[in-house]
Amino acid sequence: NEYKSYLRMKSDIIKLGILYTFLTICASTKETALTFTVPARKEQCFFEDVKKTDEVEFDFQVVDGGDLDIDFAAFDSQEARIASNKREQYGAHTFQVKKSGVYKFCFSNKFSKLTPKTIFMDVYIDDGIEEPDAEAANDAQLESSMKLLNKQVDNIKNFLFKSQVALQLTKAQRNKDQKIQISNKDRVDRWSMINCVFMMLMAAIQVHLLKQMFKEDKKAKRQAKI
């Protein structure tokens with residue numbers, strides 16, 4: 001009976017540990033995803049307040065506009081450049097925060113004179129998972145199990161995040177393809193309308209010429225009878 005009670009208590013502690021882990025994950029992560037447009041010859045920046053030991057994962061993709069390229073640069077709280085891309089369509093960066101403060105993420109379209117760029121951006125900030133207090137655990141085996149569980153949950157969290165980013169990028173690419181299809185359809189419709197008008201105009205000209213030929217033929221016959 002005492003052994004069964006011990007097992008039941010151990011099971012309850014593990015369940016509480018799982019609940020604690022998930023609550024810790026929810027409280028320790030922050031994600032920002034948005035789509036925006038950078039006009040030609042302009043630069044647009046975004047700011048995130050982070051603290052030391054945070055891990056930042058950053059992705060972006062140009063989904064519409066010109067050659068689908070953009071300049072990107074990330075700066076820490078001391079204005080030191082920590083990541084950059086030069087006229088690229090896609091970029092992904094992961095870095096550990098070493099100095100707390102406001103970090104800046106800038107997109108520059110200054111090299112483009114006419115074309116605005118539409119960009120999808122995703123920022124994921126994780127301040128890590130706190131390990132359970134060793135002093136609160138009386139069982140060394142339970143503590144080891146909790147650490148392993150935390151690691152497995154962390155791996156699942158990272159997998160879900162990457163899956164979400166991939167899904168968002170796929171959605172952005174689908175929106176881009178839809179815009180291209182609509183643009184091509186409009187172009188085909190315009191050319192079809194122009195061709196129809198041209199064909200109708202040519203038909204009208206040909207009918208007019210035939211009428212003129214018949215009129216001249218009738219005039220010639222009348223003059224011959226006279």
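User: What share of the 226 residues in the protein chain is buried?
Analyst: The model is a predicted one, in which local features need pLDDT of at least 70 and side-chain atom pairs count only at pLDDT 80 or more, while totals for chains, interfaces and linings use all residues. Residues are numbered from 1 along each chain as its sequence is written, and side-chain values use heavy atoms, with hydrogens and water left out. Taking buried as under 20% relative accessible area, exposed as over 50% and partly exposed as in between (1.4 Å probe, protein chains only), the buried share of the 226 residues is 31%.

User: In what order do the elements of the protein chain run from the N terminus on?
Analyst: Helices (H or I, at least four residues) and strands (E, at least two) are taken as DSSP runs and numbered from the N terminus. The protein chain has two helices and eight strands, and from the N terminus on their order is α-β-β-β-β-β-β-β-β-α.

User: Are the rings of Phe 58 and Phe 105 stacked or edge-to-face?
Analyst: Rings of Phe, Tyr and Trp (its six-membered ring) pair if their centres lie within 6.5 Å, with planes under 30 degrees apart counted as stacked, over 60 as edge-to-face and the rest as tilted; the structure holds 11 such aromatic pairs. For Phe 58 and Phe 105 the ring centres are 4.8 Å apart and the planes are at 5°. Phe 58 lies in strand β3 (residues 55-64) and Phe 105 in strand β7, so the pair ties together parts that are 47 residues apart in sequence. Both residues are buried, and their rings are, by the plane angle, stacked.

User: Which residues do ring pairs link into a cluster?
Analyst: Another ring pair is Phe 60 with Phe 72, whose centres are 5.1 Å apart and whose planes are at 40°, so this pair is tilted. Phe 60 in strand β3 and Phe 72 in strand β4 (residues 70-75) are 12 residues apart, and each of the two is buried. The cluster linked by ring pairs consists of Phe 36, Phe 46, Phe 58, Phe 60, Phe 72, Phe 105 and Phe 107.

User: With the side chain of which residue does the side chain of Asp 59 make a polar contact?
Analyst: Asp 59 is found in strand β3 and is buried, with a relative accessible area of 9%. A polar contact is a pair of N or O atoms within 3.5 Å; within protein, one must be able to donate a hydrogen and the other to accept it, and residues adjacent in sequence count only if both atoms are side-chain atoms. At 3.1 Å, the side-chain partner of Asp 59 is Tyr 90.

User: The backbone nitrogen of which residue does the side chain of Asp 71 reach?
Analyst: Asp 71 is found in strand β4 and is buried, with a relative accessible area of 13%. Leaving out residues up to four places away in sequence, Asp 71 touches several residues, among them Asn 85, Lys 86 and Cys 106. The backbone nitrogen that its side chain reaches, at 2.7 Å, belongs to Arg 87.

User: The backbone nitrogen of which residue does the side chain of Ser 100 reach?
Analyst: Ser 100 is found in the loop between β6 (90-96) and β7 (101-108), and at 44% relative accessibility it counts as partly exposed. Leaving aside neighbours within four places in sequence, the residues in contact with Ser 100 include Val 50, Lys 51 and Ser 77. At 2.6 Å, its side chain reaches the backbone nitrogen of Lys 52.

Note on methods. Contact = heavy atoms within 4.5 Å.
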